[in-house]
Amino acid sequence: MRAATKVAVLPAAPASILGYFTLVAIKIVDHELPDDLAKKFKIRNLVSGAQAILLAQLGVDRHAAGTGLGTFLLKQALRHAVNGALEVGGVALIVDAVDRDTAAWYQARVPDFRQLTPDGLRLVLSMRTLVS
Ligand SMILES: CC(C)(COP(=O)(O)OP(=O)(O)OC[C@H]1O[C@@H](n2cnc3c(N)ncnc32)[C@H](O)[C@@H]1OP(=O)(O)O)[C@@H](O)C(=O)NCCC(=O)NCCS
């Protein structure tokens, strides 16, 4: 599993991590997706699935909360995900939100996120949408 973590620090205090995110290369298979997305991603009946990028973690230190750092880190994560997908492939970005409030936080910032699971916590965004 390939994973990359980026951290946000102030130059004056590089040892204090204010926020971070982790991107992981994963595989998604068609039964994990609604039919229209499996078709769009061209992975219907593809046993090996397709490469996607999972935003596995994104967090902000409570002292830096509410300053816009989370939104900034999300934009950075999306930018890195697009660059990763352009280099190694990736049909979608997936996020596992910890709760419904956090899922709503993601969807408020990126309205194209679609809910993948009945609990509403796994979100998916087509990489084509991100690139365009
Ligand atoms: C979610 C999180 C990354 C937001 O970071 P942040 O730097 O505070 O976010 P921003 O400053 O960009 O945005 C602040 C806004 O988001 C809201 N918000 C912050 N955390 C939220 C959460 N967990 N759920 C819903 N809304 C949240 C704030 O109320 C604020 O709303 P406002 O703009 O209407 O005042 C941060 O709260 C966090 O690290 N939470 C704990 C870890 C976590 O849940 N990570 C997500 C894992 S999937």
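Student: How many helices and strands does the secondary structure of the protein come to?

Tutor: Helices (H or I, at least four residues) and strands (E, at least two) are DSSP runs, numbered from the N terminus. Here there are four helices and six strands. This is a predicted model, in which local features need pLDDT of at least 70, side-chain atom pairs count only at pLDDT 80 or more, and totals for chains, interfaces and linings use all residues. Residues are numbered from 1 along each chain as its sequence is written.

Student: In what order do the strands of the open sheet stand?

Tutor: Strands of a sheet pair through backbone hydrogen bonds, either parallel or antiparallel. Two strands count as paired if DSSP finds at least two bridges between them. In this protein the order is β1-β2-β3-β4-β6-β5, with mixed pairing. β1 (3-8) and β5 (114-115) stand at the edges with a single partner strand each, so one side of each lacks a neighbour in the sheet. The antiparallel strands β2 and β3 are joined by 10 bridges; Leu23 has Leu55 in β3 as its bridge partner.

Student: Which residues have the most contacts inside the largest nonpolar core?

Tutor: Such a core is a set of buried Ala, Val, Leu, Ile, Met, Phe, Trp, Tyr and Cys residues joined through C-beta atoms within 7 Å; buried requires 20 or more other C-beta atoms within 10 Å of the residue's own, with C-beta atoms placed from the backbone. The largest core has 28 residues, and those with the most contacts inside it are Leu55, Ala77, Ala92, Leu93, Ile94 and Leu123. Two or more residues come from each of β2 (19-28), β3 (50-60), α2 (69-88), β4 (92-96) and β6 (122-126).

Terms used. A residue is buried if 20 or more other C-beta atoms lie within 10 Å of its own, exposed if 12 or fewer, and partly exposed in between; C-beta atoms are placed from the backbone.
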